[in-house]
Structures are given as C-alpha cells and as structure tokens.
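Colleague: Could you walk me through the wording used for this model? I would like to see each label set against its cut-off.

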Amino acid sequence: MHRSGPGALFGPRGWGAVIAALILICAVAPLLNLVVPKGSLFHLSDFSVSLIGKIMCYAIVALAMDLIWGYTGILSLGHGLFFALGGYAFGMYLMRSIGLDGVYKSPLPDFMVFLDWKAYPWYWSFTEHFLYACLLVVLVPGVLAFVFGYFAFRSRIKGVYFSIITQAMTFAFMLLFFRNDTGFGGNNGFTDFKRILDYPIFTPQMRMVLFVLSGLALVGTLLLARWIVSSKLGRVLTAIRDAESRVMFSGYDPLWYKLFIWTLSAVLCGIAGALYVPQVGIINPGEMSPANSIEIAIWVAVGGRGTLIGPIVGAFLVNGARSWFTVAFPEYWLFFLGAIFIAVTLFLPNGVVGLVAQLRAKRREKKLSAKPA
Amino acid sequence: MTTVVEDENQGTSGPAAIGGGRVIEHDVLDVTHGPILYLDDITVSFDGFKALNNLTLTVEAGELRCIIGPNGAGKTTMMDVITGKTRPDSGTAFFGQTIDLLRMTEPQIAHAGIGRKFQKPTVFEQHTVFENLELAMKTDKRVRRSLFAKLDSAHGDLIAATLEQIKLAQAPDRPAGLLSHGQKQWLEIGMLLMQEPRLLLLDEPVAGMTDAETERTAELFNSLAGKHTLVVVEHDMDFVGAIARTVTVLHEGSVLAEGAMDVVQNDERVIEVYLGR
Amino acid sequence: MNLVRLIRCVLAVCALAVGLPAAALTPEQIDKLAAPGSDARAEALNSIAAAGDESAIPFLSALAEGNVQTSVSLKKVLIVIDGKGIDAVTGKPVAKLPEDLDEVVANNVFRRELAAAIATLRLTSGDRAVRLAAAKTLQDETESDRLPLVERAIAKETDADIKALLERVRANLQLNSKDKTIRLAAITSLGSSVNPGTKTILLEMLAKKGGEFVEPDADIRFAAQKSLTEVEGRLTKGERIGQVFSGVSLGSILLLAALGLAITYGLMGVINMAHGELIMIGAYTTHVVQNLVRANAPDLFNWYLLAAVPASFMVAAAVGMALERGVIRFLYGRPLETLLATWGISLILIQAVRTIFGAQNVQVENPVWMSGGVELLSNVVLPWSRIVIIGFSAAVLLLVWLALTRTRLGLFVRGVTQNRAMASCMGVHTGRIDTWCFGLGSGIAGLAGCALSQIGNVGPDLGQSYIVDSFMVVVLGGVGQLAGTVYAAMGLGIVNKFLEGISGAVVAKIAVLVFIIIFIQKRPQGMFALKGRFADA
C-alpha cells in the first residue's frame, strides 16, 4: 500500500525479468555466438554481439542520466565527458599493455614516441596495473563530478544554467584532450589495443567476456538504481525535482542529495566508458563532443524518463536505429535523429514506456466499460 | 473535535515517540527570556528599492501573531529573511536568545525549529499524501540515513495522526498533485506539523479555502498556539479577527502599528494606508 | 638534390640562350675573378657589387656554381655548361671546347662572398620574390662596402616587408663599421625602429660571453641599452595595441554571435541550441548571394555585401520565425525540453545544409575593398575586414538597442517579457510578439553569419563552434541584460587574446571557459544581476 519503504525491490514478476535477462546475457548469448555454427538461423553474429555489447554500455549511461535528470530534474550535458573519462582511464591501461608491440617498438605508446617524449608523464604512473586503472575509472569521473557539483550546487546553479555550464565544462575538456601536449594522444586518442590481462583482445572469447561483463554491469546498475529510487533518498530526489524550496524548508540540504546522485551518476558513466572502450577498440576526444552528451538525454527521453526501464529501452531504440540508418540511409540519420528530438519533446513527454502505459490504461478502461454491456 | 486533535498531537510529539531524535543541533533554542523571534533593524534592498526598512519585530514564545499590510509592505521578504532565503543588508535576526539566523542555511534553520508555509501551496505533487508527510517528518535528514531509512510503527502512527488532523485520512495514497487547492494548503500545514517546529511561519494559509475550511483552519491555529509559536500573514480580515491576539501592521518595510485587533483597526495611520486617504 | 641542380643548370642555360650581356664585366675584372686565391679577386668582386649592375649576375652565378673554366691555350675564360662553352667576355658560344680546360675553384669563403654580391645586385630586381630572397640572404652580411647599394635599395623599396629586412641589413652593416661615430649613429637610429629584429641585434650587442661583454666599448653599450629600451617600449606598445585590437575584433564577433541569443534567451528565456545554425544559415545566404551577383552582375561583385546583409537577416529571421511557430511556442515554460527540441532542429539544419551544399566548406570571397589593412606600426597591421566587422557589430548593436527601446515592437517585447499576463490583458498579441521577437534574434544571428563568412570558413559545422561561446557570453553578462552582453563579449574577446599571447590559442580558450565556470559559481546571476522578485524567474 502506501508503505513505500524499501522492503521488496521488485515484485515476483520483476525479479523474474531480471533473472531472465541474466540468463539471456550470461548463457544464451555466448551459446548462440560461440557454439551454434555460423550458417545456422540461431547463430548470433560477431557484429551483433559487439553492437549489443556497445548498446548495453550506452544503456548504463542512460540509466545514470535518468537518475540525475529523470528523477532529480537536473539535466546534465556532461555525461559524455564522464563516459569518455572512464574510457580514457581504462584506455591508459590498455595502451600500456601494448608493451613493445607498437609501431615503434618502444615501451612508450606510439603517440608519445611521435612527440619525442622520453618517459611517461606523472599522471600515467601505475596505470600499467589493472586494478589501479579500474580504480581510476571510478575515481576520475567521480572526483571531477564531486568537485564540480559541490561548487555548482552550493551556488544553487539550477536548470538550464546548470546544463549550459556542464556543456562548457565538456567543451573545455574536449579542447584539452585534442591537444597533443595533454598526453592522451591528441585527435587520435588511444587505439590499436592488443591485450587485457595478457589475453589478446580481439578474439571471439574476449568479445564474449566483455559482452557478459557489460550485461552484468547493466543489470547491476539497474538493481542499484531501483534500490535508490525506491528508498527514502529516492523520494527526496524526486521531491527536489518537484519543489526544491519545500525540501530545503523541510530541513533537507539539497546540496548533499544532489551531489550524491550526481557523483554516483558520473561514476556509473565512467564504468560504462571503461567497458565500452575495449569493445570498440578506440577512444578519442570526439567522444567528449557536446553533441554526444545531449544525445544521451534523448535516449532517456525516448524511453521515458523517471522510469527505470525507459532509459534502457531508449538506448536500444535510438542506437539500434542509428546502426540501421548508417548502413541503409547514412544521409538521413541526422534528419531522423533531429526529428526524434523534436517529436519526443513535443508529443511523447513520457517516452515510449509512458506511451505503452497509456495505451494499456486505455485498453483496461475499454474492457471495464465493455463488461457491463 | 479540536481537542481530540490536540490530544493526539501532544501524545505523539514527546521525545519518546521520536525514534531517530534530532541529530543536527547547532544551538539549543533558548526562550527563557520570553521572545522566540527577535528581528532588529533589518534592511533589505533590491536595486535601491527597500523591501524592508529598519524592521524591528519581536515575537514571544507561544504567541499567535498576525501580520497584515498592503502589497509590497515586505511581509514575504520578512519571512525570506527569517528562513534564510534572503540575506539582509544589515540588521540582526535571532531565534530565541542564542541562535543567529543570519549565519544559517535554510535546512539548518528548518532543523532549528522554524517551519514555513509558502504563499502558493508547495507540496511534492508527484508523491502521495503519505509520502509528503513522511518526507517532512522530523528525523535525521542526511543522505546516508535517507538511503537506509525504514519507517517504524511510531512514525507510522504519527503520520496517521497528522492525516486525521488535516482531514486527509481517507486519501493517504492519492498523489498530492491531484488534491484540491484547499487540501494542498492543509497538506502543507500537515507537513509543517510533522516537522515539529517551535515557530511556524504561515504565508496566507487560507487563500483559496472554502469558508468551512477557513473556519477549521482558525480552530487548528488556535489549538496550536501556546505549544507552538505562530506567525501568520493574511489578507483575510475575518480570519485574522478569528485568530488574532496581537496584530502587526507592516507598511513600506517597517512596522506601522502593533497591538490588539480593534486597536490597530482604529489606528489613524493604518486606516490611511489601507484606504489611501 | 639532383633536381635542384638540374633546375639550376636549366636556368643557367636559359641565361646563356638569352645571350650574356658581355659588356657587363671588363676582361680585367673577369680575369681577376678567375684567378684563384688573390686579394685582387675579392676586390674585384666588391667593386662589381658596389657598381650595382645586374648584368653581372649570370657570370657570378656561374662562378658560384663551379661552371667557369679557364683555357690556357685559348687564353680565355669560358662558362661551360653541359659540354657547351661560352666566352665569358664576349658572350659568344665557343665552337669546340679546348682540351686544357681548368675549373676555377671557388672555396667556401669566396662562394659566400659571391652569394652576397649576387644578392646585393638582385636588390634592385623588379621581381618582389627575388628581392625578398636577396634581402634575406644579406641578413648576416657585415661588409660595409655594400652600404651605399643597400641604402639605394632602401630608398627605392616600396614593399614593407623587404624594407624592414633591408633596414636591418643596413644597421648591421653600419654597426660593423670601423668608425665609432657611424656605429653610434647607427645604434641611435635603431632606437626609432619598430622592427622586432632590431631588438635581437641590440640584445646581441649587450650580450656577455664568458663574463666579458661581447662589445668592449662602454659608450656603444650605453647607446645600445638606450635604444633597446626605446625599441622594447615601442614594440610592447605595438603588441598591446595589436592584442587589444584583435581582442576587440574577437569581442565584436562574439557580440554579433551572442546578441541574437541575448534576445531569444536573455529576454524571452528560450534556450535555442539551433542559434549557431541560424548563424550558419546567414553565412550560407551570403555565399548564395555572392554567387548570384557573380553570375548575373559581375561588375557589382564588390558590392554584393550590400545585398547579402539584408538577405542573411531575412532568411535567418524567416527560419527562426518558422521554428518559433512550428516547435518552440509549444514548449514555453519548459526550458529543458526547449533545449532538446532546438538541438534536434540544429541537427536537421546541419544535415539539410550538407545535403544542399555538400559537406565541404564553401567559398566566400571578400570584396576587394575589404582586403589589405591599415598599418599602424610596422608590427601592427589592422586588417580592413576586421575593422569593418567591428564597425558592423557596433551598428547592429545600435540598431538592436534602438529597436528595443524606441520602437513599438521593443515596447511590446519588454512588456511581454516582464509581465506576460498583464501585457495580454492590455491587448498585446503576446503570441505574435514572441514570433517577431524570436525572428529579430534569429535575424541578428543571420547577420553574424554574414560577418563571419568574411573572415572564416563557411561550412555546415560553422554554428557548432559558436554555440558554446555565445551562451557563455550571455550567461556571463547576465541574462536579460544587453549591456552585460556587450561587456562580456568585449571582456572575453580581449582576455582571450591576451592569454593567447601567453599560452597559445587552445589553452587560452580552456582557461577562459574555466574562468567563466568559476565566475558563475561566485555570481550565478552573471555580471549584471537582476535582484528581488524576478531573480528566481
């Protein structure tokens, strides 16, 4: 009833769906890809595996965006930055594990040899350790988000103002990473990875491992998000979205609530980025372009913000459409994407999930009204 | 009816009933010398326009004070200063003897025991009535506690009692956004009561209410006075007449007159201001 | 390397084919030059160089290339290229090369002297490129005999770059004179120079080597120090002026880009992410008008901007009004949704332009009167195009101010933005005012595009590079404040250019963004804040 405490995270049906998703990711997909022969109808192609793996990373980002935008009402135009930073942090490890197999056979990455650098700059220290790199994946976006968020939220920067400022931050970072002297490979970024933990990176098995990891991360993010939004903290977040001054005068300090969810959201993006980079084999400053960050918002909007399943649906719909368009009608992709932006904001404020719910409610109404007759 | 409500309220507001207790206590409220709110020489100006002009105002503990005044007299600005929303250019504001309001943030002031109702009813529209009250409830309001918070039965009882008090016991699961205007006003008052404040600031609490609702609100306020201190800003003179013990008239950012209702109503300057003679 | 040799040979052959002006050099001079190792050889070379006769060049070149040979049997000096010989004195071809040819060897020292002599002679060439190359060759020349010729060349020189180079050469020559008074005079005259190279020369004179001054004479050092201070002062002043100018220029561009946004965002509160694309549309309109004028009235090409300015305003305004009617008006009061929808619009506009005009940049040519510049100091040249744009943005600013304060539309706009309900009650069609106001903002974006097309590339992504900057300007200046926008644009422009001087363009840009982000934390309302009841709106 109205006891909306944490209690049960999902109903039995919800848990059923979660378990089904886990089986699909961990057992069915590897089976279809690795065991079922290529010619078979049920074979899952390598292309599909990497595409779905990629989109699952996007879905994590979309969920993170939903926590801060859908539930807390803060539109971030910097989530692409956090995603890219996570990717770069893990990319540093990947670059170092190339070892001497680069074009110049040097212990330094090719781009540093090209710049005539003799040693790694200080911020590359220890990145050859896998665990340290994993720590950076969490810390770099997390600390940046925390510091930025602390000052922004403390100054009560809200709404569009906040969005514009995050966009400026993203833009500044993109410019920074485009410079060769920054030490992250300039325009070209990181690429030509060879191995993770001494296993070669471009094998079907490794692809499947990354796929499964992304899937698990997505399910984990979903569970975490579900736990948060169904806790009292989640209700405070929604309250901040709807009436921040009431929250303040009720004795909650919105600063720490916003900062918590904002930092968590950035960290989730960083993790998604770290899973994404080895799957696509490249990370460059283009990932930080303001356009990417805005697009994340549209994944959430398409699926339905303020719901947990919405962002996942949205990420799959938009990115699925992209991969189809770029093959079939590359010219029209931007037209289509632009149209989605407009259509969703004008006609689908609650996204696809909201639309489905609406249709369902209508059908139920019809049934009810049909019964007495 | 009213007495029942009062009893319930008293029964549940004792320290024993509060599980978590207050954790953030900046200064202990000290009202031993009488005044609970003490504004001295407060000036607030917006681009040269003085919204408050050397305002000095004292409210005794347990008092029910009504504040009236024409538009732009500085009533809302005064509440903004007390609750930390606006920082004055000069002056001092103390809550009790020891708590300096001008150095505290809004949440800290709320914790110290000042509750505020806005002119426009402000509730969490996406949340249910129950959740609104739950969120307002006096408890540890820091992030980590909220994440692991569980509702115990004492809190549930307290919420149920308040639902009765504000006549929303029938609709705990209704989203607050679907309530009528008057119901929203009541819900907001209920949320204030859940905060267990020592001082309640109420900005036009009966605006948009039916006569019956207004009457009940007057009863509620009368019952609250004494245990709580109430400062009510209102334009509805009948309502003010029904609850007022002391009335303060604000005009152009400072106190024009203060005293019993009939004294103030017959004050020459007040008549001049209101009737524009 | 071989190719260079080949080209040189070909050039030499060409010179031979034209026929050597044999009269240029007397047989004695040629004999002296062909005799290796003697002082007479150097003397002869200097006298030839001092005479300043260009016709001596081919022989000197041949000498430097090692193509001059002597024959004892013929008693002649020959220029031999590819097995064909020419009499150096008469310029006539030699029918058959004798057996006893002996190459005239030019050692490195002599080759260097030859090069200097040739360069000196070339200073009077009609070809600018040749003169420039010659002046560059002479940069390290110290032979004071060349002085009169250099002086003559300076007097005749019209090109500023070459003249500056030559002046440096002259000073160099004078400074190395044996005569102390000439040196002092030269140093003092350098004090009035505005050439950055002068500073280097003077610094060299004051340098220390192993604890000893390179220049032993204290008087000379004193004079050099004095001149150095003067030159530095002037150079710094020039640099400052240059930086302020390019700062104002950048500021005026930012102002143009942000002015439209100051209206649509600042006054109306519409977050128009497609603002940059409206700028782009203005630039493309300019491109189209330019092409139309070129095709239909080539005589008027210099004045095509007169048509392009109103055209870009109208087209961008029309697109803007269509957007307002079609999309934005449904989203008033929902700023985040407006942000997303207008971003979608910007994607569509970008792709539309790509489809119509192609993904490549298009050409927009400056009219002739906009090329070139005003030379303020020798190290400060103000390009006309920039000056015109500064004037243009000032004019646009004035017009916008007049439109907002002196016209009925402006009155209505201010009324609607301050109190929509009240304006509506007084019979103002608020919807229509919104459309016109948005059209005005969009049109100004179009004007910005027209201006930008004159100084930068015009491509589909043009707008994307300005959108962040424009928003920064408006936010920094304070939303709803025209004056704030002006100050913010100029301030950002100048700060950006000064930082560029210190740290390079990209770092400067990053620094400015970081500065704005920090500034906004301190003053979320921008430089010029609205206070009181409207502050939260």
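Modeller: Gladly, and I'll start with contact: two residues are in contact if their C-beta atoms, placed from the backbone, lie within 7 Å. Helices (H or I, at least four residues) and strands (E, at least two) are DSSP runs, numbered from the N terminus. This is a predicted model, in which local features need pLDDT of at least 70 and side-chain atom pairs count only at pLDDT 80 or more, while totals for chains, interfaces and linings use all residues. Residues are numbered from 1 along each chain as its sequence is written, and chains are lettered from A and ligands numbered from 1 in the order in which they are written.

Colleague: Which residues of α3(A) and α5(A) meet?

Modeller: From α3(A) come Phe82(A), Leu85(A), Gly86(A), Ala89(A), Phe90(A), Met92(A) and Tyr93(A). They meet Phe130(A), Ala133(A), Leu136(A), Val137(A), Val140(A), Pro141(A), Leu144(A) and Ala145(A) in α5(A).

Colleague: What makes α3(A) roughly antiparallel to α5(A)?

Modeller: Axes are lines fitted to C-alpha atoms, for helices over the stretch in contact, and angles run from 0 to 180 degrees between N-to-C directions. Angles under 35 degrees count as roughly parallel, over 145 as roughly antiparallel, 65 to 115 as roughly perpendicular and the rest as oblique. Helix α3 (residues 79–96) of chain A packs with α5(A) at about 155°, the axes being 8 Å apart. That makes α3(A) roughly antiparallel to α5(A).

Colleague: Is the crossing of α3(A) and α5(A) left-handed or right-handed?

Modeller: The crossing of α3(A) and α5(A) is right-handed. The term works like this: a crossing is left-handed if the near helix is turned anticlockwise from the far one by less than a right angle, and right-handed if clockwise.

Colleague: Why are α12(A) and α13(A) described as roughly antiparallel?

Modeller: The axes of helix α12 (residues 309–328) of chain A and α13(A) come within 10 Å and cross at roughly 160°. α12(A) and α13(A) are therefore roughly antiparallel to each other. Their crossing is right-handed. On the α12(A) side the contact is made by Val318(A), Ala321(A), Arg322(A), Phe325(A) and Thr326(A), and on the α13(A) side by Trp333(A), Phe336(A) and Ile340(A).

Colleague: How many residues of the contact of α12(A) with α13(A) are nonpolar, polar and charged?

Modeller: For the classes, Ala, Val, Leu, Ile, Met, Phe, Trp, Tyr, Cys and Pro count as nonpolar, Asp, Glu, Lys and Arg as charged, and the others, Gly among them, as polar. The contact of α12(A) with α13(A) divides into six nonpolar, one polar and one charged.

Colleague: And where does chain A touch chain C?

Modeller: The contact takes 36 residues from chain A and 32 residues from chain C. On the chain A side, α5 (130–154), α6 (159–178), α11 (290–303) and α13 (333–347) each supply at least two residues. The largest share, 13 residues, comes from α6(A). By class, this side of chain A has 27 nonpolar, six polar and three charged residues.

Colleague: What is in contact between chain B and chain A?

Modeller: Here 30 residues of chain B are in contact with 26 residues of chain A. The elements giving two or more residues to the chain B side are α3 (106–112), α4 (129–136) and α5 (143–148) of chain B. That side has 13 nonpolar, nine polar and eight charged residues.

Colleague: Why are β2 and β5 of chain B said to stand at the edges?

Modeller: Two strands pair if DSSP finds at least two bridges between them. The open sheet of four strands has the order β2-β1-β4-β5 (chain B), with antiparallel pairing. β2 (49–60) and β5 (99–100) of chain B each have a single partner strand, so one side of each is left without a neighbour in the sheet.

Colleague: How do you know that β4(B) and β5(B) pair?

Modeller: Strand β4 (residues 90–95) of chain B joins β5(B) over two bridges, in the antiparallel sense. Phe94(B) stands opposite Asp100(B) in β5(B).

Colleague: Last one: why does Ile271(B) count as partly exposed?

Modeller: A residue is buried if 20 or more other C-beta atoms lie within 10 Å of its own, exposed if 12 or fewer, and partly exposed in between, with C-beta atoms placed from the backbone. Ile271(B) has 13 C-beta neighbours inside 10 Å, so Ile271(B) counts as partly exposed. Its place is in helix α11 (residues 268–275) of chain B.
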